[in-house]
Amino acid sequence: MHGTPGHSSLIFGSEYGYGAVFELARILETFRDSLVGEQYLTFNPGIVLGGTTMDFDAQQSRGNAFGKSNVIAETALAAGDLRTVSVEQRERTKQRMRAIVGRSLPGTSAEITFEDSSEPFSPTPANYALLDRLNAATHAPQPMQAAASIASSAFSFRKSRPLSLPWPSRSPL
């Protein structure tokens, strides 16, 4: 996410807009509001950062942010996990998430990237049988509740400055 930094007394005005953290909050809330309830679909923003400056190491899934309470946040990031049970559901969800990210608040901009880490695992009798065998083989203390737990895509989004180099597309699982 990118917002225009400035003194916090100027937030929401036409020159500075809403800041990166409010844009990130809008995106996450709209994801929750729009996507919750679809069968077998889960998504989780596992890490969130925001402030005046920010560093994020996707390989280590860790980051640092610096900011002051009286400065409009210039940068923000969320990275997480998206799980689906079919390619169609995954692609439809990505399209919906891209549309949400594309409707930025005034004075902000955002982008979202996805990294598919496995193919969807549909909830069929054969796949449930395979899941039972996988759970038994790994001695899982709590068996997975749905076959959807196998399929995963990582997502990340952050603000980027206009005309800047794109952020790394790799995101943690």
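**Labels and their grounds**

Modeller: This is a predicted model, and it holds three aromatic pairs.

Biologist: What makes the pair of F31 and F43 edge-to-face?

Modeller: Two values decide. The ring centres of F31 and F43 are 6.4 Å apart, and a pair needs centres within 6.5 Å. Their planes stand at 85°, and edge-to-face means over 60. So the pair is edge-to-face.

Biologist: Which elements hold F31 and F43?

Modeller: F31 is in helix α1, and F43 is in strand β2 (residues 42-51). The two are 12 residues apart, and the pair links distant parts of the chain.

Biologist: Why is F31 called buried?

Modeller: F31 has 1% relative accessibility. Buried means under 20%. Therefore F31 counts as buried.

Biologist: Which residues make up the largest nonpolar core?

Modeller: The core has 11 residues, including F31, F43, I27, L82 and F114. Elements giving two or more residues to this core are α1 (19-35), α2 (87-101) and β7 (111-116). A second, separate core has seven residues, among them I47, M54, F56 and A79.

Biologist: Which aromatic residues form one cluster?

Modeller: F12, Y18 and F22 do.

Biologist: Now the charges. How many salt bridges does the structure hold?

Modeller: It holds 11.

Biologist: What makes D81 and R83 a salt bridge?

Modeller: Their closest N and O atoms are 2.4 Å apart. The cut-off is within 4 Å, so the pair counts.

Biologist: Are D81 and R83 buried or partly exposed?

Modeller: D81 is at 13% relative accessibility, so D81 counts as buried. R83 is at 25%, so R83 counts as partly exposed.

Biologist: How do you know that R92 and E88 are about one helical turn apart?

Modeller: Both are in helix α2, four residues apart. An α-helix has 3.6 residues a turn, so residues three or four places apart point the same way. The side chains of R92 and E88 meet in a salt bridge at 2.6 Å, N to O. R92, at 28% relative accessibility, counts as partly exposed.

Biologist: What separation do R90 and E119 show, N to O?

Modeller: Theirs is 4.0 Å, and the side chains meet in a salt bridge. This pair links distant parts of the chain. R90 is in helix α2, while E119 is in the loop between β7 and α3 (125-138), 29 residues apart.

Biologist: Which residues are linked with R90 and E119 in a network of salt bridges?

Modeller: E91, K94 and D116 are linked with them.

Biologist: Which residues of α3 are buried?

Modeller: N127, L131 and N135 are buried. They cover an arc of only 80° around the axis, so they sit on the same side of α3.

Biologist: What is exposed on the other side of α3?

Modeller: P125, A126, D132, R133, A136 and A137 are exposed there.

Conventions:
Residues numbered from 1 in each chain as written. Predicted model: local features only at pLDDT ≥ 70, side-chain atom pairs only at ≥ 80, totals over all residues. Heavy atoms only, no water. Core = buried A, V, L, I, M, F, W, Y, C linked by side-chain atoms within 4.5 Å. Buried < 20%, exposed > 50% of the residue type's maximum accessible area, 1.4 Å probe, protein only. Phe/Tyr/Trp six-rings, centres within 6.5 Å; stacked < 30°, edge-to-face > 60°. Arc of directions from axis to C-beta.
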